[in-house]
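Dear colleague,

Please find below the structure that I am handing over to you, followed by a summary of what was found in it.

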Amino acid sequence: MTGIIDYDAGNVKSVEKALQFLGESVSVTRNPELLLSADRVVLPGVGAFGAAMERLDRYGLTGMTGIIDYDAGNVKSVEKALQFLGESVSVTRNPELLLSADRVVLPGVGAFGAAMERLDRYGLTDVIHRITDQGTPFLGICLGLQLLFDESEESPGVKGLGILPGNIVRFPEGISVGDQTLKVPQIGWNDLHFPKESRLLKGVPEGSFVYFVHSYYLRAADFTDVAATTEYGVTVHAAVEHDNVFACQFHPEKSDKVGLQILKNFISFT
C-alpha cells in the first residue's frame, strides 16, 4: 500500500488517481499508524510553503509525542495538557509508533507490581529500553518515575525497568513535622528545591509548588540524577534527569502554570 499524506494541500486527488490507474492500492490519510505501516509514502502539495508547514504541524505530521498506553490511569490528563500546549500526541502501545516518536511519556497511577505486569504483557518493557537507549527524550510521571528504577517496597520481588539506579520505599509510619503528624499518602501541593541545574525545570523558580499523590517515594542511588527534592517528613527525590531520561514524582499535568512550564520544556527536547 502507498500512503498519501492528507494535509489539505491540493493535488492529492490527481496523485491518487494516477497511482490507482497503475493498479496501486492507495490510502489518503493523516493517521500516523497507517502512514508508518505503509510500503511507500507520498507527500504531495501545491500552495505556499509556510501555510503547508503550518498544516503539517497542526495535524501532527512533522513531530509527535507518544504516550504509552498500558491501562495505568492519568493518560487522558497528560494528553490534554500536551495538546493544550499545541503538541501532537498519540496514545498508543504500538512499538513502531513509540520508537519513531520524537518524545515519549510513561504516565501511571496505581501499584508498582501491577504496572510492571501490564508493561510485560503488552511487550512494552523491551520497547521502553530501546526508546531510552536510542536517545529519545523520555518522561516518567508519578508511577512512571518509580517504574524506571530497580524495585519497590510496594511489590517485593518485582523488578522495575532498572533504567536508573535506585529503590522506591514507603513513607515511614508516624512521620511528622514538629508536632504535626503527616498523612500517608501525601496528597496535595508541596514545594520543590533544586540541587542542580536542570533542563526539565528550566524557568521554574526555586520553591515552586507542584501537586503530589503518593505513598511511596524514590531514593535514587546516584544523587547526581536528582533534579528536584521536596520535604514530607523525609527528603523525597521528586524529579530526576539523566541524559535523555527525565521523571517527576509529582503530576506536572495537574500543577497549573508550573507544571505546564515543565511539560513545555520537555516537548522542546529533540
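**Findings**

Within the largest nonpolar core, which has 34 residues, I68, Y70, L106, L119, F138, L147 and F149 touch the most other members. A nonpolar core is a set of buried Ala, Val, Leu, Ile, Met, Phe, Trp, Tyr and Cys residues joined through side-chain atoms within 4.5 Å; buried means under 20% relative accessible area, exposed over 50%, and partly exposed in between (1.4 Å probe, protein chains only). At least two residues of this core come from each of α5 (95-100), β6 (103-106), α6 (112-121), α7 (124-133), α8 (143-147), β14 (216-220) and β17 (245-248). Helices (H or I, at least four residues) and strands (E, at least two) are DSSP runs, numbered from the N terminus. Another core lies apart from it, with 29 residues, among them V78, A81, V89 and V105.

The model is predicted: local features need pLDDT of at least 70, side-chain atom pairs count only at pLDDT 80 or more, and totals for chains, interfaces and linings use all residues. Residues are numbered from 1 along each chain as its sequence is written, and side-chain values use heavy atoms, with hydrogens and water left out.

Helix α4 (residues 75-84) has V75, V78, E79, A81 and L82 as its buried residues. Seen down the axis of α4, these fall within an arc of 165 degrees, so they line one face of the helix; the arc is that of the directions from the helix axis to the C-beta atoms. The buried residues of α4 pack against β4 (65-68), β5 (89-92), β6, β7 (138-141) and α9 (256-267), where contact means heavy atoms within 4.5 Å. K76, K80 and F84, on the other side of α4, are exposed. Just after α4, G86 takes a positive phi of about 90 degrees.

T230 belongs to strand β15 (residues 226-231) and counts as buried, because its relative accessibility is 0%. Its side chain reaches the backbone oxygen of D191 at 2.6 Å, and a polar contact of 3.4 Å joins the side chains of T230 and N190. A polar contact is a pair of N or O atoms within 3.5 Å; within protein, one must be able to donate a hydrogen and the other to accept it, and residues adjacent in sequence count only if both atoms are side-chain atoms.

Finally, three strands form an open sheet with parallel pairing, in the order β2-β1-β3. Two strands pair if DSSP finds at least two bridges between them.

Yours sincerely
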